[in-house]
Amino acid sequence: MDNVNSEIRNPKSEIEKFAICNSQFGIHKYAVEIANLWYAYPDGNKALSGLSLRITHGEKVALIGRNGAGKSTLLMHLNGVLRGNGKIVIDGLELTDKTVKEVRKKVGLVFQEPNEQLFCPTVFDDVAFGPLNLRFPKDEVRERVEMALKLVGLEGYEERASFHLSIGEKKRVAIATVLSYSPEILAFDEPSSNLDPKHRRMLINWLKSVDKTLIVATHDLDLALEVCERCVVLNNGQTVTDGRSEEILRDEDLLEKNDLELPLCLTACFEFSQKLVDNLS
Ligand SMILES: Nc1ncnc2c1ncn2[C@@H]1O[C@H](COP(=O)(O)OP(=O)(O)OP(=O)(O)O)[C@@H](O)[C@H]1O
Ligand SMILES: [Mg+2]
């Protein structure tokens, strides 16, 4: 893991210091270690080009970048849905054919497209799939499904057919399929897309409160700023920059070069202060 993350602006965050301390007691320092990962789709389209990244336990990291930058492709490597060339280590366990099942218990992936996640006849079955696979007792499975549906505001949807839900409801069920089995690492691809404002807010509040490693690919830069202390910008399947969200998401030039814009909350602040300056002059 030598050639990793040359551009971390703030390598000794409080979380990283804590992780280094943990590693001295034999607890794995990183939740996710990716070294020199390459991936091309079967049609030859290169999606990841030697990407390296390390994420500490408990960190909340936003992956941002223009359409096609490689965010979803990267997330799909974390639990072995896609397998490229390079090294992926999850909580000290190298991802291989032998370990992929174990890794999937550790990494809960919410796909960008909810139809790829939901395949059971009812919402209950979809959300119960993870806990049943982990052989939780039936009563606990039921409790976990209830808890997960409550967290996404879908109480009472158990007997509905997942395929007959609205797109936003499907996205919330997809999130519940991961929450129900409580993996240590949450890898969420565009979790707020298609959510109405109330349920987007519920999601953000939960993501802020949760005590897990979180990796969120998102174009919702307000969510990234509010939830994630760290932000990684991807382009052409590589990391362009990696640092504190507070800095990166205020860097208009950097954002513009990557076809992104300031988060709306910051745009509103700038506009307000500009009006004040205009009024004073
Ligand atoms: N199934 C596929 N077959 C071929 N190429 C693909 C496939 N899926 C994605 N790609 C290509 O791989 C690259 C990375 O795509 P990816 O979906 O990872 O981007 P992304 O950053 O998630 O974009 P978005 O912001 O639109 O979600 C793009 O060039 C895309 O066109
Ligand atoms: Mg994507």
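**Notebook: helices, core and ligand shell**

H2 is followed by Gly80, and the phi of Gly80 is positive, near 80°. I started there, then went back over the helix itself. Before going on, a reminder to myself that this model is predicted.

**Entry 1: H2**

I checked how covered H2 is, and the answer is mostly: seven of its eight residues are buried. I wrote down the buried ones as Lys71, Thr73, Leu74, Leu75, Met76, His77 and Leu78. I noticed that the list has Lys71 and His77 in it as well as leucines.

**Entry 2: ligand 1**

Which helix gives the largest share of the shell around ligand 1? I found that it is H2, residues 71-78, with three residues. The shell holds 13 residues, and Tyr41, Ala47, Lys71, Ser72 and Thr73 come nearest to the ligand. Lys71 and Thr73 were already in my notes as buried residues of H2.

**Entry 3: the whole protein**

Next I zoomed out. The protein has 11 helices and 10 strands. Of its 281 residues, 40% count as buried. I also looked up how far apart in sequence the contacting residues sit. Among contacts with a separation of 6 or more, 67% join residues 24 or more positions apart.

**Entry 4: the core**

The largest nonpolar core has 68 residues. Which of its members touch the most others? They are Leu63, Ala176, Ala187, Val216, Ala224 and Cys231.

I picked Ala224 and listed its contacts, leaving aside neighbours within four places in sequence. They are Ala62, Ile64, Val216, Thr218, Cys231, Ser245 and Leu249. Val216 and Cys231 are on this list, and both are also on the list of core members with the most touches.

**Entry 5: H4 and its partners**

I moved on to H4, residues 123-133, and H6, residues 167-179. Their axes come within 7 Å and cross at roughly 30°. An angle under 35 degrees counts as roughly parallel, so that is what I call H4 and H6. At the contact, Val123, Asp126, Val127, Phe129 and Gly130 of H4 meet Val173, Ala176 and Thr177 of H6. I sorted these by class too: five nonpolar, two polar and one charged.

What do the buried residues of H4 pack against? I found two helices, H5 (138-151) and H6. The buried residues themselves are Val123, Asp126, Val127, Ala128, Gly130 and Pro131. Just after H4, I came across Arg135 with a positive phi of about 60°.

Most residues other than glycine have a negative phi, so I noted the exceptions I came across. Asn36 is not a glycine, yet its phi is positive at about 50°. It is found in strand E1, residues 30-40. Is Asn36 buried, exposed or partly exposed? With 17 other C-beta atoms within 10 Å, Asn36 is partly exposed, because a residue needs 20 or more to count as buried.

Asp91 also has a positive phi, near 50°. I located Asp91 in the loop between strand E4 (85-90) and strand E5 (93-94). Asp91 has 19 other C-beta atoms within 10 Å, so it is partly exposed.

Key: Residues are numbered from 1 along each chain as its sequence is written. Chains are lettered from A and ligands numbered from 1 in the order in which they are written. This is a predicted model: local features need pLDDT of at least 70, side-chain atom pairs count only at pLDDT 80 or more; totals for chains, interfaces and linings use all residues. A nonpolar core is a set of buried Ala, Val, Leu, Ile, Met, Phe, Trp, Tyr and Cys residues joined through C-beta atoms within 7 Å. A residue is buried if 20 or more other C-beta atoms lie within 10 Å of its own, exposed if 12 or fewer, and partly exposed in between; C-beta atoms are placed from the backbone. Two residues are in contact if their C-beta atoms, placed from the backbone, lie within 7 Å. Axes are lines fitted to C-alpha atoms, for helices over the stretch in contact, and angles run from 0 to 180 degrees between N-to-C directions. Helices (H or I, at least four residues) and strands (E, at least two) are DSSP runs, numbered from the N terminus. Angles under 35 degrees count as roughly parallel, over 145 as roughly antiparallel, 65 to 115 as roughly perpendicular and the rest as oblique. Ala, Val, Leu, Ile, Met, Phe, Trp, Tyr, Cys and Pro count as nonpolar, Asp, Glu, Lys and Arg as charged, and the others, Gly among them, as polar. A residue is near a molecule or strand if its C-beta atom, placed from the backbone, lies within 6 Å of it.
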